[in-house]
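Hi everyone, thanks for making time for this. I'd like to walk you through one protein model, so let's get it up on the screen.

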Amino acid sequence: MKKSVFIAAAFAALCGLATTGCGGSSSSNNENAAGGKKDAGVSITFLNSKGEIQEALEKTAAAYTKATGVKLEIVACGAGEVPYTKITTMYNSGTPPTMAMLDTTDVVALANEYALDLSGEKWVSEISENQLTKIGGKLYSFPFCIEGRGIIYNKAAIEKTLGRSFDPSSINSYAAFKAILEELASKGMSYPVVLSKEDWSLGAHQLGFIYDTYDGTTDGASKIMSDLKGGLDPATYPRYTAFLDTLDLLVQYNIAHTDPLGADYDEGALQLASGEAAFWANGCWAWPNLAEGGAKATDAFGFIPFVLGDDTSDFANTGIQASATKQVMLDKVRATPEQQQAAKDFLNYLVYEAEGQKALVNDCAIIPAANNNPNKPLDPLGADIVTKMGAGNTFSSSFIAPSDHWSKMGAALQKYISGNSSRDELTKSLSDYWKAQK
């Protein structure tokens, strides 16, 4: 997904690895599990902050309306609109949506005032505990998808350039990543890296690794952010210095090295898809862009970790980040009890009904967080994440930073990758940012 706003991490989610417990449903089951005719005549709305699946959600909503009689309208965040701003504007105008798909940060900020407690819902048992976002011990949101990020590779491009096979698992340290970049350059691919210049990419998806890899948990990410607020010098934090070392490699081998801030996101996708480049620091939301650039679902794309240092046993060097990012919260302020129930029934439809399960994976091209969904991702990035999750090669932290983190630190990183600031200046910017949060 080409993102214009921060998510601690954009586009595929934990697909259910279990193949039992859910299948086709009889019409009577549809009426019970999905809401059926009991909600007929009720109108509800769903705010969608994942623009690339707007059409697919509208298709899903139409099918749901036909099956249940519930009028479900999908409301889109406009291009460039920040979900938090959109939802707060809707509340201020007295027209909030019944359901809102938001970033985890936004749910944390809004839940106590606006969100319905979903702790007792049946689908909670279908989702791994570490993929649920609880606030004060309560669950206020449905994890819509788990997005994963690292460094995307194009296996065919690497093997064609090197003239040998490539094992992605061999890239498990800074030294290993540096070595393959040097080898690619020596064999004719002088600049094998795509480095996106967008502030949300740099300030959230890339810099976010220093928080998410503290210990691989969201609580750990909160701990290091708290330490930074308290005055911890980033230069003394090993994850930060290792991050800068890897970032320096990406800058050195950046295909847009002559004008890093002129890099075009879609052109970067084309460069990786065509094999002009071999690696792209990004997440699974990038697949639609790669597909538009000519990549096929049968092609060998996948992830290596955003390596940090040379400890080959470090979880940060053996796995990638994959966690629930987009969350759906239900309104408790303006929605009627009937609308709230209809919204709950729609979530049950996505989790338990075969049609809803397929809609999430096949139409929306995400991997649902519910473990009972038997459908597998159709794209190689999503499939690679599911494989890694099944093998235990992912960590589930989803750092929750202030809403201006990605823009302010993204701007600082833009200066750095373009050579307009030093490592010390970038470090001071990060230190100053966190100290100002006290």
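Lys50, Glu52 and Glu147 are joined in a network of salt bridges, where a salt bridge is a side-chain nitrogen of Lys or Arg within 4 Å of a carboxyl oxygen of Asp or Glu. Keep in mind that this is a predicted model, where local features need pLDDT of at least 70 and side-chain atom pairs count only at pLDDT 80 or more, while totals for chains, interfaces and linings use all residues. Residues are numbered from 1 along each chain as its sequence is written, and side-chain values use heavy atoms, with hydrogens and water left out.

Now look at helix H5, where Lys155 and Glu159 lie four residues apart, about one turn of the helix. They form a salt bridge too, and their closest N and O atoms are 2.6 Å apart. Lys155 is partly exposed at 23%, and Glu159 is partly exposed at 24%.

Okay, cysteines. A disulfide here is a pair of cysteine sulfur atoms within 2.5 Å, and the structure has zero of them. For Cys77, the nearest cysteine sulfur belongs to Cys145, 14 Å away. For Cys364, the nearest is again that of Cys145, at 9.6 Å. Cys364 is buried, at 1% relative accessibility.

Last stop, the largest pocket, with a volume of about 390 Å³. On a 1 Å grid over the protein atoms alone, a pocket is an open set of points with protein on both sides within 12 Å along at least five of seven lines, and lining residues have an atom within 4 Å of a point. Of the 19 lining residues, those closest to the centre are Leu132, Thr133, Lys134, Thr218 and Asp219. Which helix gives the most to that lining? H9 does, with three residues.

Terms used: On a 1 Å grid over the protein atoms alone, a cavity is a set of points where a 1.4 Å probe fits but cannot get out, and a pocket is an open set with protein on both sides within 12 Å along at least five of seven lines; lining residues have an atom within 4 Å of a point. Grid points are joined across faces, edges and corners, and a volume is the space filled by probe spheres set on the points. Helices (H or I, at least four residues) and strands (E, at least two) are DSSP runs, numbered from the N terminus. Buried means under 20% relative accessible area, exposed over 50%, partly exposed in between (1.4 Å probe, protein chains only).
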